[in-house]
Amino acid sequence: MKLHVVRADPAGNITLFVLDPVPREERAALAAALLRLPGTDAEQVGFACEPRDGFDGRMEMAGGEFCGNASRAFGMLLARRRGVTGRAHYTLEVSGSASPVCVDVNVAEGTARAAMPLPRPCGKFVLFDERDMLVNLGGIVHFVTHHKPDAAAMDALEPVLRTMREAGALPDMEAYGVIFLHDGRMTPLVKVPAAGTLFWEGSCGSGSLAAAIVESAGTEDGTFARDYVQPAGVVRAEVERRESCVCAAYIGGSVTLGETMEIEI
């Protein structure tokens, strides 16, 4: 099978986009094969799909999860394929998101900004300390902690998430992560069960938003914005609060694209 693939780098969260149609049931195995390719350093795979009327594009992740960084990068990819050299605004269909995802691209500056899903209610529990918080963004759920990075935290989190899902509290969860805020840096550990992946990611867009939601809790109404420095890049997360509730959320940062490659799998 020959595939046309583009390597995208949204703030270090390396993503491979497959441009050819691939049946959904074949994507997990194909993504696993692509992630094994030497030299790409990829952490995830997205698939360009035919959009419905009213949308500029559709992108589905290999595990059906939502990914903010991949959404930003896909917007940049659309701009390149359409010959845009300045700014563009796209309304996208993205897996794991029940609502459209709007992406603003600035090709000249090499940046893209995505409006993100708003957090949904979920229960609170403590793994390490009282500042820990679970943030449910629908297709992906993040546990934000100020503990130092430790893979054992994922082992402790998974039984809790399993119990919550069995109780119907997290019906749309396709991926989950632990977001470590420690020593002024953010370190994301993300798992996508359907794709069979677990990565210490270079950066995580939805994880950055989850961190901003946690850190803005209890603040005055208005905009909270922070640049989250991560292992391979920086993501800016913005949260707008009204009457203590999140009413709008965004992530932004750099995006670079490689040339289209023809790969035989």
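1. In this predicted model, the buried residues of helix H1 pack against strand E1 (2-9), strand E2 (15-18), E3, strand E4 (57-61) and strand E17 (261-264). The buried residues in question are Arg27, Leu30, Ala31, Ala33 and Leu34. Seen down the axis of H1, these residues fall within an arc of 160 degrees, so they line one face of the helix.

2. An α-helix has 3.6 residues a turn, so residues three or four places apart point the same way. On the face of H1 that is turned away from the buried side, one finds the exposed residues Glu25 and Ala29.

3. As for its dimensions, H1 has twelve residues and spans 17 Å between its first C-alpha and its last, which is close to the 16 Å expected at 1.5 Å a residue.

4. Helix H1 (24-35), strand E3 (44-49), strand E11 (185-192) and strand E12 (197-200) each supply at least two residues of its lining, with the largest share, three residues, coming from E11.

5. Which residues lie nearest the centre of the largest cavity? They are Gln44, Glu65, Val192, Thr197 and Glu201, out of a lining of 21 residues. When the lining of the largest cavity is sorted by class, there are 13 nonpolar, four polar and four charged residues.

Terms used. Residues are numbered from 1 along each chain as its sequence is written. This is a predicted model: local features need pLDDT of at least 70, side-chain atom pairs count only at pLDDT 80 or more; totals for chains, interfaces and linings use all residues. Side-chain values use heavy atoms; hydrogens and water are left out. On a 1 Å grid over the protein atoms alone, a cavity is a set of points where a 1.4 Å probe fits but cannot get out, and a pocket is an open set with protein on both sides within 12 Å along at least five of seven lines; lining residues have an atom within 4 Å of a point. Helices (H or I, at least four residues) and strands (E, at least two) are DSSP runs, numbered from the N terminus. Ala, Val, Leu, Ile, Met, Phe, Trp, Tyr, Cys and Pro count as nonpolar, Asp, Glu, Lys and Arg as charged, and the others, Gly among them, as polar. The expected span of a helix is 1.5 Å times one less than its number of residues. Buried means under 20% relative accessible area, exposed over 50%, partly exposed in between (1.4 Å probe, protein chains only). The arc is that of the directions from the helix axis to the C-beta atoms. Contact means heavy atoms within 4.5 Å.
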